[in-house]
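Dear colleague,

Please find below the structure that I am handing over to you. My findings follow directly after it.

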Amino acid sequence: MNKKGGTHFNARDESIFARYLTFCGIGIQNAQLFEMSVQEHIRNQILLKLARGIFEEQQSLERVVHKILIESKALFKCEHICVFIVELPLEDEETRPDAEKVPKHVPASPAKIVLSSGFHIEVNKDDGVRNMSKEEIDKGLLATVAREVIFENRLRNIVSADEEPRLAEDPFTKDMGVRNLMCIPVHDAKNEIIGACLMLNKQLRNFTELDLDRVQVCPCSSRAIPRGIFMRKH
């Protein structure tokens, strides 16, 4: 804007500017690639540390989930993470003869889904993982959303609290000041749903495909949970 000398820009100015922008574009692209490689390196280091820790902490469901949430905090750019686990049958169906196995029960509605436990961590604090109360699991809105996502077997992305009027009436999310949330079903190695993960209050913007990818790059996490459930049952 405002070329010096009081004259207007001409074809020569356009040519010089175009060549200059070419070098600028190359520099920006190289900076972006470098930043992406650094982020990928950090993510891989976190995942390796998480994988090592998980396989050392399979004595109980609580310890497995606590380890996953604490070690993976750096992956998620949000304020709160919650994980809900589905109540599984007491008897291990895999140990029964084929003739005695019965089809898995499909709940008639989300309300029929029983959650055995819930866990919450506040990402920006060092308070550790909190085990949710029975009342929070039975009546809380986050648990209700988790049941709905588990029942539908698809993620839900609520970009604004206005989209979910039930938030205003829920006493358990009152102190969280929920602005947005994304809930994703959690599958085991057999692709069966074992729970749901919620991320609340994305920093700066709404949740995107990148956030979904950050959850899905932790396959070791979802495969470690069933082992923890098995240890609880026995």
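In what follows, two elements are taken to be in contact where heavy atoms lie within 4.5 Å of each other. Please note also that this is a predicted model.

I begin with helix 4, to which that definition applies. Helix 4, residues 141-152, lies across strand 1, strand 2 (115-122), strand 4, strand 5 (181-187) and strand 6. Relative to strand 6, helix 4 runs at about 130°.

As to the overall architecture, the protein chain contains six helices and six strands. Along the sequence, these elements follow the pattern α-α-β-β-β-α-α-β-β-β-α-α.

The six strands form an open sheet with antiparallel pairing, in the order 3-2-1-6-5-4. Strand 3 (129-131) and strand 4 (156-158) are at the edges; each has a single partner strand, so one side of each is left without a neighbour in the sheet. On average, neighbouring strands of this sheet are turned by 20° against each other, direction being ignored.

Within the sheet, strand 1 (residues 78-86) and strand 6 (residues 193-202) run antiparallel and are joined by seven bridges. In this pairing, Cys-78 stands opposite Lys-202 in strand 6.

The cysteines deserve a separate paragraph. How many disulfides does a search of the whole structure find? The search finds zero. Cys-82 is in no disulfide, and the nearest cysteine sulfur, which belongs to Cys-197, is 8.2 Å away.

Are Cys-82 and Cys-197 buried or exposed? Cys-82 counts as buried because its relative accessibility is 0%. Cys-197 is buried as well, with a relative accessible area of 9%, the criterion being a value under 20%.

Finally, some totals for the protein chain. Of its 234 residues, 38% count as buried. The protein chain exposes about 14600 Å², and carbon and sulfur atoms supply 55% of that area. Among the contacts in the protein chain with a separation of 6 or more, 68% are between residues 24 or more positions apart.

With kind regards

Methods: Residues numbered from 1 in each chain as written. Predicted model: local features only at pLDDT ≥ 70, side-chain atom pairs only at ≥ 80, totals over all residues. Heavy atoms only, no water. Pairing = 2+ DSSP bridges. Helix = DSSP H or I, 4+ residues; strand = E, 2+ residues; numbered from the N terminus. Axes fitted to C-alpha atoms, helices over the stretch in contact; angles between N-to-C directions. Disulfide = S-S within 2.5 Å. Buried < 20%, exposed > 50% of the residue type's maximum accessible area, 1.4 Å probe, protein only. Areas by Shrake-Rupley, 256 points an atom, 1.4 Å probe, with all protein chains shown as cover.
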